[in-house]
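Hi,

Here is the structure I promised to pass on. Have a look at it first, and then read my notes below.

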Amino acid sequence: MRILAIETSCDETGIAILETTGALGAISPRAQIKVLADVLVSQASIHAEFGGVFPALARREHAKNMMPLIIRALSEADLLRPQQSVRILHTKEKETLEKIFYKEPELFEAFKTALLDISIPDIDAIAVTSGPGLEPALWVGINTAEALGTLWGVPVIPVNHMEGHIVASLLTHKSTTDGKKNFALASLHYPALTLLISGGHTELVLMARAGTYEVLGQTRDDAVGEAFDKVARMLGLAYPGGPEISKLAEQVPTGKKLIDPLPRPMLSSKNFDFSFSGLKTSVLYAIKKIPSITPEMKAIIAKDFEDSVTEVLVAKTLAAAKKYNVYEIILGGGVSANKKIRAAFINAVRRELPGVTLFLPDQKLSTDNGLMIGVAGLLRSSKVAKKIIAEGHLCLSQNSRPTLAELRKRK
Ligand code: KG4
Ligand code: ZN
């Protein structure tokens with residue numbers, strides 16, 4: 001079966017087309033997933049001057065990029081077949097589409113121009129991020145997905161963005177055929193623990209069995225990616241700040257340290273919550289204390305900030321892994337692209353929990369993309385009757401899937 005996936009939760013417009021064997025929600029363990037297309041436009045440079053993502057601008061850019069990207073993805077997947085004559089919409093179809101796009105007439109025009117003169121592609125379902133994220137941005141993806149579902153007569157599956165990050169970490173590149181990548185999806189042993197670290201989230205999630213999520217702890221203020229972005233801004237670095245801080249920290253000569261190290265927030269608290277707002281303020285004070293800050297001092301501060309975040313993340317994750325006796329630890333989200341954090345987790349798990357398997361996402365799949373939404377969509381059932389709505393604060397635990405036994409009981 002084939003799925004087209006749409007991601008627009010933040011500042012990346014991502015479209016992927018994936019192919020696999022098995023029906024929706026029933027793909028076999030270790031199934032091969034072939035990437036027919038994977039295209040992305042990042043708005044990072046546009047948001048750079050604001051030092052963060054500006055929702056109205058994100059929405060406008062997603063709307064501008066959406067149809068050209070869908071066409072590019074169909075073409076990459078060799079599924080783009082021009083028709084001799086433009087398709088005439090039935091009254092019912094027209095009414096449904098008008099309703100979907102009633103707040104976005106320009107997107108509707110772009111949709112008709114791009115899609116009415118191509119034949120219906122061989123695609124079985126559409127997956128779309130429904131939350132969490134920026135609601136104006138999410139709606140662009142959701143409306144496009146619903147419209148494609150109407151036009152092509154296929155189901156639309158809402159996907160939790162954070163579940164997308166989890167499954168991205170479970171993909172291993174297997175082979176390449178006809179220039180297309182094939183991935184295998186690891187099957188997990190439960191209980192498993194996930195640490196999600198992105199621009200909007202920092203949470204430790206326990207998975208007692210497949211598809212169930214219990215949030216053990218989360219940030220009480222800033223997400224870790226948000227802290228990276230804000231600290232980067234204080235140091236005069238570009239947005240997104242994570243990769244910039246990481247590059248700067250690498251330049252610090254060994255042995256050079258801050259005289260007054262930054263705090264390691266909540267390192268010894270007895271719960272699994274995090275807090276990064278105070279750390280950010282400490283960085284601000286550290287900068288203010290220095291009358292004329294040199295590039296080397298900036299790098300030393302960046303490194304201590306990265307070290308602090310790393311120590312806290314590793315300590316809390318390992319403590320939770322030990323408490324819940326997990327077989328596996330999964331790291332997911334944009335911040336898991338960070339080299340220091342990756343290396344620290346590899347070393348700590350090897351040293352303290354040698355029996356536990358650590359899953360890290362391929363660096364390219366760490367940050368937002370359509371592929372991860374497609375894979376999460378493939379794992380879901382296609383029986384979604386309700387209208388999909390954008391849920392900015394959609395929580396992973398709301399997304400727990402019932403077991404087959406529970407489903408039978410409900411009948
Ligand atoms: O998952 P993601 O692409 O988007 C959200 O769902 O939020 O994560 C984006 C976040 C940004 O805050 C960015 O600064 C951070 O991930 N990030 C990094 C690195 N690459 C991206 N943080 C630290 N080190 C990196 N190498
Ligand atoms: Zn993300």
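One definition before we start: a residue is called buried under 20% relative accessible area, exposed over 50%, and partly exposed in between. Keep in mind, too, that this is a predicted model.

Let's begin with the aromatic rings. A pair of them is described by the distance of the centres and the angle of the planes. Searching the whole structure turns up six aromatic pairs. One of them is Phe50 with Phe54, a stacked pair with 5.1 Å centre to centre and 10 degrees between the planes.

Together with Phe111, they make up one aromatic cluster. Have a look at Lys112 as well, which lies over the face of Phe108, 4.2 Å from the ring centre.

Now for the metal. Which residues coordinate the zinc ion (ligand 2)? They are His161 (NE2), His165 (NE2) and Asp368 (OD), at 2.0 to 2.1 Å. Along the chain, these donors follow the spacing H-x3-H-x202-D. His165 sits in helix 6 (residues 161-169), while Asp368 is in the loop between helix 12 (363-366) and helix 13 (370-378), so this pair ties together parts that are 203 residues apart in sequence. His165 is buried, with a relative accessible area of 1%, and Asp368 counts as buried too, at 14%.

Cheers

How values were computed:
Residues are numbered from 1 along each chain as its sequence is written. Chains are lettered from A and ligands numbered from 1 in the order in which they are written. This is a predicted model: local features need pLDDT of at least 70, side-chain atom pairs count only at pLDDT 80 or more; totals for chains, interfaces and linings use all residues. Side-chain values use heavy atoms; hydrogens and water are left out. Rings of Phe, Tyr and Trp (its six-membered ring) pair if their centres lie within 6.5 Å; planes under 30 degrees apart count as stacked, over 60 as edge-to-face and the rest as tilted. A charge sits over a ring if NZ of Lys or CZ of Arg is within 6 Å of the ring centre and within 35 degrees of the ring normal. Donors are N, O and S atoms within 2.8 Å of the metal (3.2 Å for Na, K and Ca); water is not among the atoms, so sites may look incomplete. Helices (H or I, at least four residues) and strands (E, at least two) are DSSP runs, numbered from the N terminus. Buried means under 20% relative accessible area, exposed over 50%, partly exposed in between (1.4 Å probe, protein chains only).
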